[in-house]
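Visitor: I have just opened this entry and would like a short tour. May I put a few questions to you as we look?

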Amino acid sequence: MVRLVVMASGQARRMGKDKLALPWGDSTVLQHTLSSVLLAGARLREERPGGTARPVEILVIAREPMERYLSDCLLRKFLGEGGVWCLDPAARPLSVTIKQGLRGLTEAVSGISFLPADQVGLESATLTRLLACFLATEPDFVVPLAGGPGSPVVFHRRYLPELAALEGEEGGKKVLNRHRDKWSVFPVAEEFFTDIDTPEQYERLRRLATRKMHPENARTAEGGRCAAKVFPWPSVPPCGIKNVNQERAGEKIMIGSRVAESRIVLIRGAGELGSGVGWVLTRAGYRVVMTEVEKPLMVRWPVSFGTVMAEGYWQVEGVAGRRIEQAAQCEEAWKRGEIPVLADPELRQLSQLRPDVLVDAILAKRNTGTKRNMASLTIGLGPGFTAGEDVDQVVETNRGHNLGRVIHQGPAEANTGIPGNTAGYTWERVLYSGTAGVFKALRSIGDAVNEGDVLAEIRGISGAESILSPLSGTLRGLLRTGTPVGAHVKVGDVDPRGRKEYCTTISDKARSVGGGVLLAILEWERLYLG
């Protein structure tokens with residue numbers, strides 16, 4: 001269970017008034033936030049066996065009574081879900097509010113999270129996935145990331161003593177920054193962190209939210225009967241909605257029948273490039289399933305669906321992936337709008353998957369076993385494939401004029417062996433292991449680094465080897481701690497452009513190749529399927 005503490009006791013000095021009581025849609029700012037939290041809790045409970053035990057307990061710490069902010073119907077819903085309203089009229093330092101949120105924790109609570117009550121960007125589908133990510137494996141931290149970390153971070157209960165030791169205006173970020181090597185990163189859209197600080201910002205956000213109301217939460221917290229409607233901030237469209245009581249029949253049709261009728265695309269390899277392809281095809285409406293090795297070697301794991309092999313569940317720019325063990329589990333994942341990922345690199349379950357299209361995204365620079373008879377359409381990415389011979393079509397992966405081009409006859413461009421040019425750097429920006437051993441990250445993806453900084457170490461038979469930053473920039477990719485590596489293997493890269501958001505979003509190359517694969521499928525459907 002996770003305790004989610006909604007922090008509604010701030011003084012709102014820059015607003016000059018109680019911003020949580022301001023109108024937001026047909027409700028208030030605080031009711032909007034709390035409605036999203038309640039909906040996330042309901043969804044998590046529905047996904048659990050039996051659907052009875054509450055996976056989330058909600059504690060609101062506020063300076064005013066709940067009647068000031070909540071409609072009667074939502075108030076009843078909040079109390080019915082076991083919510084607790086802690087009324088404290090006094091102005092308290094942040095650390096005191098955090099300590100209030102720690103009171104009365106039972107052994108059933110494995111994680112705790114703190115959410116600003118004015119975070120109007122909060123979107124319940126993403127919050128559901130974030131909390132599910134923690135509940136699945138209970139890591140040390142689940143950190144929502146969009147350029148940088150934001151709220152709500154989920155802290156494992158083993159860090160309760162450190163949270164309780166905070167003083168003055170110190171917040172959870174102090175604890176978080178002590179343990180950067182233990183973060184489980186959860187990429188989100190930047191809008192997810194949107195909150196309200198000034199009257200001008202409130203008016204602008206309110207107009208925009210009303211104009212672009214996101215349908216994902218356009219239902220009431222009481223299943224559409226009497227509670228005020230929720231108008232969440234426009235964000236990444238939901239991957240899938242499991243709630244069968246949802247008002248909008250059109251959405252259920254989209255998730256049910258349209259997906260059921262779409263073609264199955266099997267992607268071999270769930271690394272950065274394959275994940276970009278899977279993301280594009282999922283957003284285009286195809287049922288995507290991916291295969292991967294048990295322990296993939298991925299430096300850009302925050303944007304790779306292969307991360308589910310360790311985490312069980314992962315999200316890339318609003319599209320969720322989930323590890324499965326059997327091909328028969330694909331249907332349930334597709335109904336939820338997720339990409340199922342299977343540990344089956346040899347395709348032993350190919351006959352159960354029965355794909356219409358197979359995409360080889362292993363990027364081994366050679367064909368490792370893909371054959372044209374494995375699917376009606378086979379596509380190879382990059383060098384090692386020849387269209388018309390071992391696959392039907394090839395999509396170019398070499399950066400340059402032809403990136404993403406569909407090749408109907410012949411091979412892709414030959415492997416140059418040179419990393420892509422980024423701001424004038426090629427070999428210089430890539431980190432390689434000098435020896436075999438076990439990798440340990442000492443810095444986090446997204447960190448600003450300087451030339452010569454120690455970024456990681458590899459512990460081998462002969463001792464520890466330090467991995468130094470070859471230049472200054474942003475750490476864009478880095479293997480995860482505990483990954484076994486061989487000698488002379490890529491273990492990370494530094495981006496000299498210094499843009500943190502590039503670390504948690506799909507690259508231009510992956511999007512281009514994904515677009516090429518989509519075009520290849522559409523052309524095939526038009527020419528051969530009518």
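Visitor: Which residue lies over the face of Trp-279?
Guide: That residue is Arg-511, at 5.2 Å from the ring centre. Please keep in mind that the model is predicted.

Visitor: And what sits over the ring of Trp-301?
Guide: The charged end of Arg-480 does, 4.5 Å from the centre of the ring.

Visitor: How many aromatic pairs does the structure hold?
Guide: There are 8 aromatic pairs in the structure. One of them joins Phe-114 and Phe-155: the ring centres are 6.5 Å apart and the planes stand at 70 degrees, so this pair is edge-to-face.

Visitor: Where do Phe-114 and Phe-155 lie?
Guide: Phe-114 belongs to strand β6 (residues 111-116) and Phe-155 to strand β9 (residues 154-156), so the pair ties together parts that are 41 residues apart in sequence.

Visitor: Is Phe-114 buried or exposed? And Phe-155, buried or exposed?
Guide: Phe-114 is buried, with a relative accessible area of 9%. Phe-155 is buried as well, with a value of 4%. Ring pairs also link Phe-114 and Phe-155 with Phe-141 and Tyr-159 into a cluster.

Visitor: Back to the tryptophans: why is the pair of Trp-301 and Trp-314 called tilted?
Guide: The planes of the Trp-301 and Trp-314 rings are at 55 degrees, with the centres 5.9 Å apart, so the pair is tilted. Trp-301 is in the loop between β12 (287-291) and α10 (308-311), whereas Trp-314 is in strand β13, and the two are 13 residues apart. Both Trp-301 and Trp-314 are buried.

Visitor: You mentioned β13. What is the order of the strands in the open sheet?
Guide: The order is β13-β14-β15-β12-β11-β16-β17-β19-β20, which makes 9 strands with mixed pairing. At the edges stand β13 (313-316) and β20 (406-407); each has a single partner strand, so one side of each is left without a neighbour in the sheet.

Visitor: How many bridges join β13 to β14?
Guide: There are 4 bridges between β13 and β14 (residues 319-324), and these strands run antiparallel. Val-316 stands opposite Val-319 in β14.

Visitor: Let us turn to the helices. Why is α4 said to be largely enclosed?
Guide: Of the 14 residues of α4, 12 are buried, so the helix is largely enclosed by the rest of the structure. Among the buried residues are Arg-129, Cys-133 and Phe-134. The helix covers residues 124-137 and should span 20 Å at 1.5 Å a residue, which agrees with its end C-alpha atoms being 20 Å apart.

Visitor: What comes just after α4?
Guide: Glu-138 does, and this residue takes a positive phi of about 50 degrees. Glu-138 is also one of the residues in contact with Ser-110, along with Met-1, Phe-134, Phe-155, His-156 and Arg-157, leaving aside neighbours of Ser-110 within four places in sequence.

Visitor: Where is Ser-110?
Guide: Ser-110 is in the loop between α3 (94-102) and β6. Its relative accessibility is 9%, and it counts as buried.

Visitor: Finally, which residues touch the most other members of the largest nonpolar core?
Guide: They are Leu-163, Leu-281 and Ile-379, in a core of 77 residues. Helix α13 (residues 508-528) gives the most to this core, with 7 residues. Apart from this core lies another, of 49 residues, including Leu-4 and Leu-122.

Visitor: What does Leu-281 touch?
Guide: Not counting residues up to four places away in sequence, Leu-281 touches Val-265, Ile-267, Tyr-286, Val-288, Val-517, Leu-518 and Ile-521.

Terms used. Residues numbered from 1 in each chain as written. Predicted model: local features only at pLDDT ≥ 70, side-chain atom pairs only at ≥ 80, totals over all residues. Heavy atoms only, no water. Pairing = 2+ DSSP bridges. Expected span 1.5 Å × (residues − 1). Buried < 20%, exposed > 50% of the residue type's maximum accessible area, 1.4 Å probe, protein only. Core = buried A, V, L, I, M, F, W, Y, C linked by side-chain atoms within 4.5 Å. Contact = heavy atoms within 4.5 Å. Phe/Tyr/Trp six-rings, centres within 6.5 Å; stacked < 30°, edge-to-face > 60°. Lys NZ or Arg CZ within 6 Å of the ring centre and 35° of its normal.
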